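Here is a structure to read through in questions and answers. Each answer sets a value beside the definition it rests on.

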Amino acid sequence: MNKKSFFTQQVLIWYSDHQRNLPWRSTRDPYTIWLSEIILQQTRVAQGLPYFMRFIKKFPSVYDLAKASEKKVLKEWEGLGYYTRARNLHRCAKRVVSKYNGRFPDTYNELITLPGIGSYTAAAIASISFNECVPVVDGNVNRVLCRVFGIHDEIQSSTGKKRIYALAEKLIDCRQPAAFNQAIMEFGALHCTPKAPRCSDCTLAKICVANKEQLQEWLPVKKKKAPVRKRFFTYFMIKDGRRWAMQQRKGNDIWKGLYEPYLIETKQQKTVSELIKKDTFLKVLNPDPNVKPSPVYHHLLSHQKLTIRFVELAIKRKPGKDFKMPGIIKFYSKSALESLPKAIIVHRFIKEHVAT
DNA sequence: TACACGTGGTG
DNA sequence: TCACCAAGTGT
């Protein structure tokens, strides 16, 4: 038996013996598969699982998801990160209902045209739900194939991606594409792990280049990441009576679509009185000059390090007569405030510090 | 093509 | 501690 056939056979055997029992494994329903795949993009099963359960319960069908508001969908997504996924999830549901009468298209080529569905997710849905023989290439597949077949190209590079995809196309068992695709991913997730792969207990060890040459630590080859950008956020929790000012984030930046208090961002840490003095809007509010900020929170994103403080500010002068609130700011009661989708760090602060 | 996009777990 | 990672996509 040649090396490729052996690989395919062993991965499928390994999967039948070791696969986890996960809720989306007991169905081929494309809505369920699609939802699980979107949630699991760049996300561990343990982290995504509770979100999947809540989404299925709250939005049992693509119609339920399509008719919900974007705010509701974002709220359900709160804390999972990569919020564009949630907005595209919602757009995709609406598209499936409006353009496909509520039935997901059943081919890779049509699936990939939908928002939030790229090459990986299109292949996953096409193979798992519709038995189309297209290989998935995710982080697990990259790792497993680069190690076993000794691929030294950078996996982000054009040649690396082509080489890995071409290899996956040769390996996939077209009699059972759903099983093969899930098998190779599960094998990467549980056995051929990034750190400390279980080579001593691996049926592929005898054909694995990385095992033979002790290259597990070096494969797959990845390019180094850029250093993280540092940003300083000061949030002003503006309170007018029993209502709080919030605004929605727009533009091309983190947390797009989520809500937050009035924000002043600086390139370095400044004192609160400095910020107030310079800010035309806050100056008009005539705040207590001795307001003290919360201790700083450090929040790490993949490419940014945020230093965040919160300042609680009660409005002394009513807006309307002498001044107006900036257009994007609106006031929310306690319960309305809590129902807004927020970044996790903002959510936590508000939950802990906002009483009635 | 390279980079931006979240959060939490891991060694 | 902190760099790296986790079922990628959009621009």
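Q: What makes β1 and β2 a hairpin?
A: There are two residues between β1 and β2, and the two strands, residues 229-240 and residues 243-248, pair in the antiparallel sense. G241, in the turn, has a positive phi of about 65°. Strands here are DSSP runs of E with at least two residues, and helices are runs of H or I with at least four, numbered from the N terminus.

Q: How do you know that β1 and β2 pair?
A: Two strands pair if DSSP finds at least two bridges between them. β1 and β2 have two bridges, so they count as paired under that rule. K239 stands opposite W244 in β2.

Q: Which sense do β2 and β7 pair in, and over how many bridges?
A: β2 pairs with β7, residues 330-332, in the antiparallel sense over three bridges. In β7, F331 is the bridge partner of A245.

Q: What joins β2 to β3?
A: Two bridges join β2 to β3, residues 259-260, and the two strands run antiparallel. Y259 in β3 is the bridge partner of Q248.

Q: How do you know what kind of model this is, and how are its parts numbered?
A: This is a predicted model, in which local features need pLDDT of at least 70 and side-chain atom pairs count only at pLDDT 80 or more, while totals for chains, interfaces and linings use all residues. Residues are numbered from 1 along each chain as its sequence is written, chains are lettered from A and ligands numbered from 1 in the order in which they are written, and side-chain values use heavy atoms, with hydrogens and water left out.

Q: How many helices and strands does chain A have?
A: Chain A has 16 helices and seven strands.

Q: What makes a residue of chain A count as buried?
A: Buried means under 20% relative accessible area, exposed over 50%, and partly exposed in between, with a 1.4 Å probe and protein chains only. Of the 356 residues of chain A, 51% count as buried.

Q: Why is a set of residues called a nonpolar core?
A: Such a set holds buried Ala, Val, Leu, Ile, Met, Phe, Trp, Tyr and Cys residues joined through side-chain atoms within 4.5 Å. The largest one has 99 residues, and F7, W34, L145 and W255 have the most contacts inside it. Another core, of 18 residues, lies apart from it, and L285, I315, M325 and F331 are among its members.

Q: What is F7 in contact with, leaving aside its neighbours within four places in sequence?
A: Contact means heavy atoms within 4.5 Å. The residues in contact with F7 on that basis include V144, L145, F149 and I207.
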